[in-house]
Amino acid sequence: MKNKMTNPFEQVAGYKEIREEIEVLSKYGDDFTSQRGNVNATVDRYHPKRLNFQVSEIFTETALAKTFRLVPENGYLPPFQAGQYINLFVETQGVRSSRPYSIASAPNQRAYYDLTVKAVPDGFVSSHLLEDVKVGDHLSSTGPMGGFFHNPLSHANEVVYLAGGSGITPMMSMIREVTDRGLKRQMHLFYGSRNPDDIIYKQELERLAEMHKNLTVDFVISEPEDDYQGLTGFINGKLLQERLGDLSKKTFFLCGPEAMYKFCRKELEGLGLRRKQIRVEVFGPPGDVTAQPGWPEGLTADMTFQVKVSDSRTLEVSAGEPLMNGLERMNLELPAACRSGECSYCRVKLKSGKVFHAPGTKLRKSDLQFGFIHPCMAYPLGDLEILL
Amino acid sequence: MSNFDAVVIGAGNGGLTAATTLARSGVKTLLLEQHNVPGGCATSFIRGRFEFEVALHQLSGLGSEDKPGPLRRLFAKLGVLNKLEFVEEHDIYRTWVSDQLDITLPADRKATIEVLIAHFPAEKEGIQRLFGLIYQFAQDMLQGVYGRDPDFSAEKYPTFCNYALRDSQSVLDEFIKDPLLQLTIASYWGYVGQPPRSLSFLDLAMMLFIYIEFKPYHFKGGSQALSQALLDSFLEAGGIARFNCGARKIVVDNGEMRAVVTEHGDQIDTTHVVSNASLVTTYLDMIGEEHLPVKAVAALKPRSIGTSAVTVYCGLDCEPADIGIEVSTTFASISGEMDTMIGSAHSFEKPEGLAMTCYDLADPEFSSPGTCQVSLINLCYADHWLELPPESYHEAKYKYASQMLDIAERMHPGFRDALEEVEVSTPLTHMNYLRTPGGSIYGFTNFAKDNNMFTSHRSPLKGLYHAGAWVAIGGFQPTLESGTQAAKAIIKAIQK
């Protein structure tokens with residue numbers, strides 16, 4: 001209003017009365033000062049940015065796998081949904097990196113989280129965890145996250161778990177929760193391993209299956225000895241149909257190594273299931289990106305490119321490795337959580353150059369339009385310039 | 001990196017328009033955002049083959065190219081018009097009351113009046129008179145208030161002065177007898193979070209007027225596309241943005257802005273700060289009571305924290321028509337009693353109603369072929385969620401969401417069976433992503449006393465400005481406009 005001397009709204013019917021109400025409330029209204037810090041305290045209870053742990057125990061599961069029991073340094077762990085993971089930060093060989101691991105323990109107790117780690121050939125992080133980490137060591141991680149869990153709104157009460165190798169860990173958390181809490185869910189686990197000695201949690205699974213009518217466990221061995229008694233081969237559509245009967249009212253959860261994931265996904269799709277019935281855990285970068293559909297011909301994994309970063313550094317990365325890993329080797333750490341292209345924590349803007357996103361990367365439509373990439377699943381196809 | 005003319009805290013709607021306006025005027029600006037994507041509420045997330053729209057239900061104030069509304073003009077000034085594609089909705093909404101009412105209002109004054117009269121013939125005269133009043137009111141508002149008429153007076157603008165601060169229920173009672181017709185006309189109350197008995201007529205009349213005259217719109221790519229376009233324009237103008245980088249502290253010296261300290265401990269010197277964070281956390285957590293004039297803290301006392309929401313994001317493996325969804329926006333209720341509806345916002349008891357948005361009707365490309373996306377939203381305060389022990393949270397969340405799905409199923413049989421992806425957000429989710437007290441999505445409550453006739457947005461500290469729902473009524477158009485206003489004030493101050 002041009003005339004600053006009088007407030008024209010004073011002429012609005014009811015204005016004066018509301019002014020008076022405001023005067024009263026100024027004396028007796030809410031005292032916001034008591035709420036200082038409340039928002040952050042609540043967020044920390046559910047979604048703390050960092051969890052700091054001490055390793056309290058280490059259990060040997062198989063020749064290749066160990067379980068690390070992690071207790072919180074501040075005495076508190078946030079709730080999670082069985083099947084979710086944390087991204088564990090490590091420093092090894094002078095490089096800071098991280099890897100997501102599913103929480104294997106049940107969510108109904110939060111005194112500790114158990115992580116089961118299986119040796120990956122040439123695994124940069126897994127070999128460090130399995131060989132170097134000792135009881136009493138300190139570790140840190142993100143809070144729990146991820147979308148691989150039983151959602152009672154859309155998932156059936158009859159569930160089928162297809163696990164391979166360390167892919168059993170999210171299922172183990174689900175199975176432990178259902179059996180611990182006596183939930184009514186009907187569970188059938190198909191767990192593929194190379195040989196019987198590779199089966200993680202073997203005794204516990206057998207014991208739980210014996211005690212609980214709603215849990216059936218089928219171990220499937222791909223490289224059995226001649227005298228092995230039990231299911232052998234790969235988990236395929238035929239086996240599922242034989243063991244399960246009617247599939248139409250079931251939800252399938254799949255988590256395993258790359259080869260199994262590819263094989264089982266096809267088998268499941270061949271069973272005429274609706275897409276909603278198939279739940280697949282996110283999958284990290286592929287073993288060999290150059291074998292993926294869409295990878296440009298003639299570009300080999302060992303080719304190297306220059307990445308110009310907005311802080312004026314120029315770093316060398318190779319085509320066959322996710323940009324995030326390459327940058328970490330050059331001591332540039334990006335925010336990371338899922339390392340599978342779904343959480344978008346690492347999202348950066350590509351100012352120039354081209355990248356290849358591994359299959360399964362979840363880019364928003366507008367990320368494509370405005371040139372944002374997910375470096376944890378993006379491979380350089382030439383020199384790049386990125387904006388951090 | 002350590003010295004800027006202005007630092008904008010938060011890349012929500014208000015923060016983005018503030019930052020973009022500043023950078024495009026040559027002000028050296030840093031934009032800080034704690035999350036990894038821009039937008040605040042104006043964002044999306046991906047589950048399976050669906051990219052879910054988080055918050056936009058109907059964009060108001062855009063208008064067409066031929067008849068541009070205030071928002072289209074704002075987008076042009078911010079350099080984002082050519083970066084965006086818009087989709088127009090032809091109906092304002094459908095109002096559905098179980099077993100009692102199912103009516104859809106076109107985004108056209110004459111056609112809406114006709115539909116209302118066809119459903120409620122006995123109320124013909126009242127409907128016509130009420131819409132006459134709404135339009136006369138809007139005329140007064142545009143000319144007298146927005147137009148800043150120097151000769152503003154009760155004699156010149158009697159409709160505005162008589163009706164602006166009346167509660168909507170009493171105005172509805174004056175013209176309309178049938179409670180179902182009242183509910184139909186007042187359906188937009190949910191966008192403000194106040195049922196008609198505590199919703200100013202100003203808010204109800206202007207919402208109806210703006211949506212009918214400028215039509216409801218959506219963005220191709222959802223509201224995330226808007227946020228990205230604004231950020232793009234900001235970066236093009238030389239602005240610097242940092243994500244995963246929240247502001248922890250605003251350093252004040254002698255009542256003036258000195259610096260902003262990030263969550264990583266970096267100190268950025270600046271003399272101008274736009275906070276897109278909530279007024280409450282900006283004052284109490286970032287600045288600290290001890291650095292504020294007593295008056296500023298006292299000015300919070302008459303305010304209260306506004307509503308949050310529970311939203312059920314549904315990805316369906318069918319086309320909308322397969323389960324009978326024909327209108328983008330539906331306000332649904334079981335009993336048709338609005339007071340019961342807002343009452344259930346304070347408890348885990350069975351929800352009485354909800355708003356449903358299907359994004360694929362206006363934009364068939366919104367989801368992949370053979371699928372569609374629907375969001376169910378219910379306004380909800382945070383108190384009872386805050387009281388939950390964390391281990392009970394997920395169960396409470398799914399139980400409440402399931403009851404909302406019951407309403408959708410009742411309205412559209414087959415809805416539940418078609419669910420391929422479902423995600424639920426609660427007041428605690430909003431608190432995490434927005435860092436607002438009570439997870440508020442609309443800032444403070446929006447009673448008549450909270451109208452900007454009564455609230456001063458003059459900052460208590462030199463160099464501090466606010467943008468977003470805490471200094472505007474909630475929603476896209478007001479928050480977008482608030483950021484530009486804050487930026488203009490800074491530009492004026494710098495030029496002095």
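Val297(B) counts as partly exposed because it has 16 C-beta neighbours inside 10 Å. The scale runs as follows: buried means 20 or more other C-beta atoms within 10 Å of a residue's own, exposed means 12 or fewer, partly exposed lies in between, and C-beta atoms are placed from the backbone. Val297(B) sits in helix α11 (residues 294-298) of chain B. Helices (H or I, at least four residues) and strands (E, at least two) are DSSP runs, numbered from the N terminus.

This is a predicted model, in which local features need pLDDT of at least 70, side-chain atom pairs count only at pLDDT 80 or more, and totals for chains, interfaces and linings use all residues. Residues are numbered from 1 along each chain as its sequence is written, while chains are lettered from A and ligands numbered from 1 in the order in which they are written.

Leaving out residues up to four places away in sequence, Val297(B) touches Thr33(A), Tyr283(B), Glu289(B) and Leu292(B). Contact means C-beta atoms, placed from the backbone, within 7 Å. Val273(B) is 24 residues from Val297(B) in sequence and 18 Å away in space, C-alpha to C-alpha.

The contact between the chains takes 50 residues from chain A and 55 residues from chain B. On the chain A side, α1 (15-28), α2 (38-46) and α9 (365-370) each supply at least two residues. The classes on that side are tabulated here.

| Class | Residues of chain A touching chain B |
|---|---|
| Nonpolar (Ala, Val, Leu, Ile, Met, Phe, Trp, Tyr, Cys, Pro) | 20 residues |
| Polar (the others, Gly among them) | 18 residues |

Chain A has nine helices and 19 strands. Its C-alpha trace spans about 100 × 55 × 50 Å along the principal axes. Of the 388 residues in chain A, 41% are buried.

Chain B holds an open sheet of seven strands, in the order β7-β6-β14-β15-β16-β13-β17, with mixed pairing. β7 (101-106) and β17 (419-425) of chain B stand at the edges with a single partner strand each, so one side of each lacks a neighbour in the sheet. The twist averages 15° from one strand to the next. Angles run from 0 to 180 degrees between N-to-C directions, with axes fitted to C-alpha atoms, for helices over the stretch in contact.

Strand β6 (residues 91-97) of chain B pairs with β7(B) in the antiparallel sense over six bridges. Pairing requires at least two DSSP bridges between two strands. Val97(B) has Leu101(B) in β7(B) as its bridge partner. Helix α14 (residues 393-411) of chain B packs on the sheet, and its direction makes about 60° with that of β13(B).

Note on methods
Contact = placed C-beta atoms within 7 Å.
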